[in-house]
Amino acid sequence: MTAGLELEALQVRQGDRLLVDLSVRIAPGEVLTIMGPSGTGKSTLLAAITGTLEPAFQMQGGIRLDGHDLGAVPTRARRIGILFQDALLFPHLSVAGNLGFALPARTPDRAARIATALEEAGLPGFGPRDPATLSGGERARVALMRTLLAEPKALLLDEPFSRLDAALREQIRSFVLETARQRGLPVILVTHDLADARAAAGGVLSPMGAKLSAV
């Protein structure tokens with residue numbers, strides 16, 4: 001069995017237009033950066049991997065996670081976490097409630113798992129807080145820990161740092177990438193920012209498979 005996330009001759013079309021054409025494997029703990037102008041297939045690639053492509057798109061090729069073909073696997077069962085530009089925390093739940101939402105139903109010691117996640121995020125004692133009272137960086141940390149509590153086997157990053165100011169962007173980017181590496185997750189980072197690609201310290205491709213430079 002091959003560990004990591006593998007895209008095997010993956011192609012996505014919208015009508016006659018080819019948007020994605022990739023063959024690549026991302027090993028556990030590695031980060032692949034996907035760059036390109038808006039409308040060139042970056043978000044389409046992520047939708048293909050998560051199984052959320054709209055009917056207007058046609059996909060060919062294979063997507064494998066730790067050697068398992070995901071082609072017929074429903075989105076919720078794919079074990080792929082994703083972070084977006086917005087943290088998308090549930091406003092009607094506390095911070096602890098948001099984290100608990102991600103835990104598998106039969107998880108023992110739920111309160112302890114949540115407390116540990118907050119400690120790892122540098123947010124001890126934040127469980128009772130209303131998400132509306134959090135700063136942008138705090139929201140980003142909670143969103144990452146919520147994603148990780150669902151025990152994903154791969155992580156997709158859809159420009160999650162783009163709305164943070166420069167200093168906070170660097171801090172949160174380091175936290176997210178280092179946490180993913182420590183947990184041995186294969187990561188795909190979609191970004192417009194060269195600094196993000198440099199920090200990822202991995203390969204850089206366009207959605208069509210062209211090798212790009214982050215220098």
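Is the crossing of H2 and H4 right-handed or left-handed? Let's start there. One caution before the answer: this is a predicted model.

The crossing of H2 and H4 is right-handed. Helix H2 covers residues 95–102, and helix H4 covers residues 136–149. Their axes come within 7 Å and cross at roughly 30°. Angles under 35 degrees count as roughly parallel, so H2 is roughly parallel to H4.

Who makes the contact? From H2 we have Val 95, Asn 98, Leu 99 and Ala 102. From H4 we have Val 142, Met 145, Arg 146 and Leu 149. Sort the residues of this contact by class, and you get six nonpolar, one polar and one charged.

Now stay with H4 and turn to its packing with H5. Helix H5 runs over residues 166–182. The axes of H4 and H5 are 10 Å apart, at an angle of about 15°. H4 and H5 are therefore roughly parallel to each other. Their crossing is right-handed.

Here is the contact list. H4 brings Gly 136, Gly 137, Ala 140, Arg 141, Leu 144, Met 145 and Leu 148. H5 brings Leu 168, Gln 171, Ile 172, Phe 175, Val 176 and Thr 179. By class, that is eight nonpolar, four polar and one charged. Keep an eye on Met 145 of H4. Met 145 is in the contact with H2, and Met 145 is also in the contact with H5.

Next, aromatics. How many aromatic pairs does a search of the whole structure find? One. The partners are Phe 90 and Phe 101. Their geometry is edge-to-face, with 4.8 Å centre to centre and 65° between the planes. Phe 90 sits in the loop between strand E6 (80–83) and H2, while Phe 101 sits in helix H2, so the pair ties together parts that are eleven residues apart in sequence.

Phe 101 is exposed, at 57%.

Last stop: Gly 15. Find Gly 15 in the loop between strand E1 (5–14) and strand E2 (17–26). Gly 15 is partly exposed, with a relative accessible area of 44%. Which residues does Gly 15 touch, leaving out those up to four places away in sequence? Ala 56 and Gln 58. Look at Phe 57 as well. Gly 15 and Phe 57 are 42 residues apart in sequence. In space, C-alpha to C-alpha, Gly 15 and Phe 57 are 7.2 Å apart.

Key. Residues numbered from 1 in each chain as written. Predicted model: local features only at pLDDT ≥ 70, side-chain atom pairs only at ≥ 80, totals over all residues. Heavy atoms only, no water. Axes fitted to C-alpha atoms, helices over the stretch in contact; angles between N-to-C directions. Helix = DSSP H or I, 4+ residues; strand = E, 2+ residues; numbered from the N terminus. Parallel < 35°, antiparallel > 145°, perpendicular 65-115°, else oblique. Left-handed = near helix turned anticlockwise from the far one by under 90°. Contact = heavy atoms within 4.5 Å. Nonpolar A, V, L, I, M, F, W, Y, C, P; charged D, E, K, R; others polar. Phe/Tyr/Trp six-rings, centres within 6.5 Å; stacked < 30°, edge-to-face > 60°. Buried < 20%, exposed > 50% of the residue type's maximum accessible area, 1.4 Å probe, protein only.
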